[in-house]
Amino acid sequence: MKDVEQYPDDYMYERAQRLGCSKSGIESALKRLGISQKKDLRASKSLSYKNSDISE
């Protein structure tokens, strides 16, 4: 939990390197703590063409 507080934007592989464990270990620990990854809505595939600036 301290690592998440200190480095909130790090990827799981960066945490794993820093803490000396596997990425899957970090993933299960974050899941146990109820922490999920942030989603970048700008790159979402769910954005419809009507709502985007792309013309057809």
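Visitor: Why is Arg15 called buried?

Guide: Arg15 has a relative accessible area of 5%, and a residue counts as buried under 20%, as exposed over 50% and as partly exposed in between, with a 1.4 Å probe and protein chains only, so Arg15 is classed as buried. This is a predicted model, in which local features need pLDDT of at least 70 and side-chain atom pairs count only at pLDDT 80 or more, while totals for chains, interfaces and linings use all residues. Residues are numbered from 1 along each chain as its sequence is written, and side-chain values use heavy atoms, with hydrogens and water left out.

Visitor: Where is Arg15 found, and with which residues is Arg15 in contact once its neighbours within four places in sequence are left aside?

Guide: Arg15 belongs to helix H2, a helix being a DSSP run of H or I with at least four residues and a strand a run of E with at least two, numbered from the N terminus. Contact means heavy atoms within 4.5 Å, and, with those sequence neighbours set aside, Arg15 is in contact with Asp3, Val4, Tyr7, Pro8, Asp10 and Ile26.

Visitor: What makes the pair of Asp3 and Arg15 a salt bridge?

Guide: The term requires a side-chain nitrogen of Lys or Arg within 4 Å of a carboxyl oxygen of Asp or Glu, and the side chains of Asp3 and Arg15 meet at 2.8 Å, N to O, so the pair qualifies. It links distant parts of the chain, with Asp3 in helix H1 (residues 2-6) and Arg15 in helix H2 (residues 12-19), 12 residues apart.

Visitor: How do you know that Asp3 is buried or exposed?

Guide: Asp3 has 11% relative accessibility, and therefore counts as buried.

Visitor: What ties Arg18 to Asp3?

Guide: The side chains of Arg18 and Asp3 also form a salt bridge, at 2.8 Å from N to O. Arg18 lies in helix H2 and Asp3 in helix H1, so this pair ties together parts that are 15 residues apart in sequence. Arg18 itself, at 36% relative accessibility, counts as partly exposed.

Visitor: Why is Asp10 called partly exposed, and with which residue does its side chain meet in a salt bridge?

Guide: The relative accessible area of Asp10 is 25%, and so Asp10 is called partly exposed. Asp10 is found in the loop between H1 and H2, and the side chains of Asp10 and Arg18 meet in a salt bridge at 2.7 Å, N to O.

Visitor: Which residues make up the largest nonpolar core?

Guide: A nonpolar core is a set of buried Ala, Val, Leu, Ile, Met, Phe, Trp, Tyr and Cys residues joined through side-chain atoms within 4.5 Å, and the largest one consists of five residues, namely Val4, Met12, Ala16, Ile26 and Leu30. The elements that give two or more residues to this core are H2 and helix H3 (23-33).

Visitor: What makes H2 roughly perpendicular to H3?

Guide: Axes are lines fitted to C-alpha atoms, for helices over the stretch in contact, with angles from 0 to 180 degrees between N-to-C directions, and those of H2 and H3 come within 8 Å and cross at roughly 105 degrees. Angles under 35 degrees count as roughly parallel, over 145 as roughly antiparallel, 65 to 115 as roughly perpendicular and the rest as oblique, so H2 is roughly perpendicular to H3. The contact is made by Met12, Tyr13, Arg15, Ala16 and Leu19 of H2 together with Lys23, Ile26, Glu27 and Leu30 of H3.

Visitor: How many helices and strands are there in the chain?

Guide: The chain has three helices and zero strands, and buried residues make up 14% of its 56 residues.
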